[in-house]
Amino acid sequence: MEFIEHQQELTALVENILSEAKSQGADQAEVSVSMEQGLGVSVRKGELENLEFNQDRGFGITVYFGKRKGSASTTDSSEAAIRETVAAAKGIAKHTEEDSFSGLADASLMPRQSIDLDLYHPWDINPEEAAALAIECETAGLSVDGKLTNSDGAQISSQQAIRVYGNSHGFLGAYPSTRHSMSCVLIGEDNEGMQRDYWYSMSRRAENLEDAAAVGIKAGERTIQRLSPRKAPTGKYPVLLAPNLAAGLIGHLNGAISGGAQYRKASFLLDALGDKVLPEWLTLREEPLLSGGLASAYFDGDGVATRNNVFVDNGQLASYVLSSYSARKLDLTTTGNAGGVHNLHLDAPMVPLTELMAQMGNGLLITELMGQGVNGVTGDYSRGASGFWVENGEIAYPVAEFTLAGNLRDMLANIVGLADDIDFRSSIRAPSLLLESMTVAGQ
């Protein structure tokens, strides 16, 4: 059976589970099913190191008896297993405290029809072809410089998934998707020791992946640039975050304005609706219906139709990120974000990275952050870092083993510029981002 043909079978199973929940007396029920199948190949030093086929599927079943909720899951889709899993969820609900905020999302918020977001593009590749591509990637990387003495390997991954969600309101939604990736991790060595770096490419379509040799070469160049690092100077300096780290900073903002953090009163932006949280020239918006997007979806984890949202409008916090439950807790309306955000964008003037570095003058370009020193309640921020010292707008030398410290609220307010090098490989599409200053503890 072709993978895509499982969608019809899974849809029928969801309907059966909802029927079983009703027969066991549930007032409301919802079922979420995911199925994934794929191939993963990794090579190291030109030899096949790992070959993995995966096929997994699971059913999450939630039932409501009045305001009591119970959830259970299973990987077995037999009639007996479904009956037992629904009974287990029912048993949990009967022993749970009533929660006046629990229950399905409002039926009027469900999508009227399915939307094809162009997410499904299988890659017809066999293990031998994948291994050859990975070897090509690694070989190209190792050939960049003689100082590249070792490899942590190159990997090819191709995954197909089907997601089905249904509830007792009568809504049933489903869509297939694919995700393909290629990565390479290389190790360089000189008299000062060893350094490691990587590069990867990811897309819904295999033909949109970067060329295998290009991925390896980028990994090799990044590794060589990191050799012989110095200590960063201690003081307060402008800081330029690479795109993946900028996405992490916006991720902290996203976490702070999530409904869960708000109703638990565990956010450095507590009750901040209407407050200025970013510079006034910066807007943070979400585009869940983006064709081919890596985080696109036409319904969320509650079955609510997704929609374009503006969370920060010209610097001002315009909306929290809400599921149905967190919205009820806060006496607000869901934003269609049960399960997370979909394709966050930063709207602002953007300039070439070289121009942003020139604007910075002297400071630090950060390419890696380490440690977990982030307090989401207070916003206190302290993490190990490495990257490059920038002198007069030009990269001067690599730096490592220093600490960046600040407060997230100040960091977000003190963004002074964005480059045009947007990284499209995650749900937060961020470019390099310049902060006015942070405290650096180095030499």
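Reply: Searching the whole of this structure turns up nine aromatic pairs (rings of Phe, Tyr and Trp, the last by its six-membered ring, with centres within 6.5 Å; planes under 30 degrees apart are stacked, over 60 edge-to-face, and the rest tilted). One of them joins Tyr-165 and Phe-171, a tilted pair with 6.1 Å centre to centre and 40° between the planes.

The model is predicted, with local features needing pLDDT of at least 70 and side-chain atom pairs pLDDT 80 or more, while totals for chains, interfaces and linings use all residues. Residues are numbered from 1 along each chain as its sequence is written, and side-chain values use heavy atoms, leaving out hydrogens and water.

Tyr-165 has a relative accessible area of 2%, so it is buried (under 20% is buried, over 50% exposed and in between partly exposed, with a 1.4 Å probe and protein chains only). Phe-171, at 9%, is buried too. Elsewhere, Tyr-263 and Tyr-325 form an edge-to-face pair, 5.8 Å centre to centre with 75° between the planes. Tyr-263 is in helix α6 and Tyr-325 in helix α7 (residues 324-329), so this pair ties together parts that are 62 residues apart in sequence. Here helices are DSSP runs of H or I with at least four residues, and strands are runs of E with at least two, numbered from the N terminus. Tyr-263 has 25% relative accessibility and so is partly exposed; Tyr-325, at 26%, is partly exposed as well. As for Tyr-165 and Phe-171, ring pairs place them in a cluster with Tyr-175, Tyr-298 and Phe-299.

Helix α6 (residues 259-263) also holds Gln-262. Its relative accessibility is 2%, so Gln-262 counts as buried. Apart from neighbours within four places in sequence, Gln-262 contacts Ala-256, Ile-257, Ser-267, Leu-269, Leu-270, Asp-271, Tyr-320 and Leu-330, contact being heavy atoms within 4.5 Å.

Charged pairs come next. Side chains of opposite charge can pair when their charged atoms come close. The count is 11 salt bridges, each a side-chain nitrogen of Lys or Arg within 4 Å of a carboxyl oxygen of Asp or Glu. Among them is the bridge between Arg-222 and Asp-197, at 3.2 Å from N to O. Arg-222 belongs to helix α4 (residues 212-225) and Asp-197 to strand β6 (residues 193-203), so parts that are 25 residues apart in sequence are tied together. Both Arg-222 and Asp-197 are buried. Asp-197 also meets Arg-226 in a salt bridge, 3.4 Å from N to O. This pair links distant parts of the chain, with Arg-226 in the loop between α4 and β7 (235-241) and Asp-197 in strand β6, 29 residues apart. The relative accessible area of Asp-197 is 5%, and that of Arg-226 is 12%, so Arg-226 is buried.

Arg-226 has a further salt bridge, to Glu-368, at 2.7 Å from N to O. Glu-368 lies in strand β13 (residues 363-370) and Arg-226 in the loop between α4 and β7, so the pair ties together parts that are 142 residues apart in sequence. Glu-368 is partly exposed, at 28%.

On a 1 Å grid over the protein atoms alone, a cavity is a set of points where a 1.4 Å probe fits but cannot get out, a pocket is an open set with protein on both sides within 12 Å along at least five of seven lines, and lining residues have an atom within 4 Å of a point. The search finds one cavity of 30 Å³ or more, and the largest cavity holds about 40 Å³; volume is the space filled by probe spheres set on the points, which are joined across faces, edges and corners. β15 (394-407) and β14 (380-391) each supply at least two residues of this lining, with the largest share, three residues, coming from β15.
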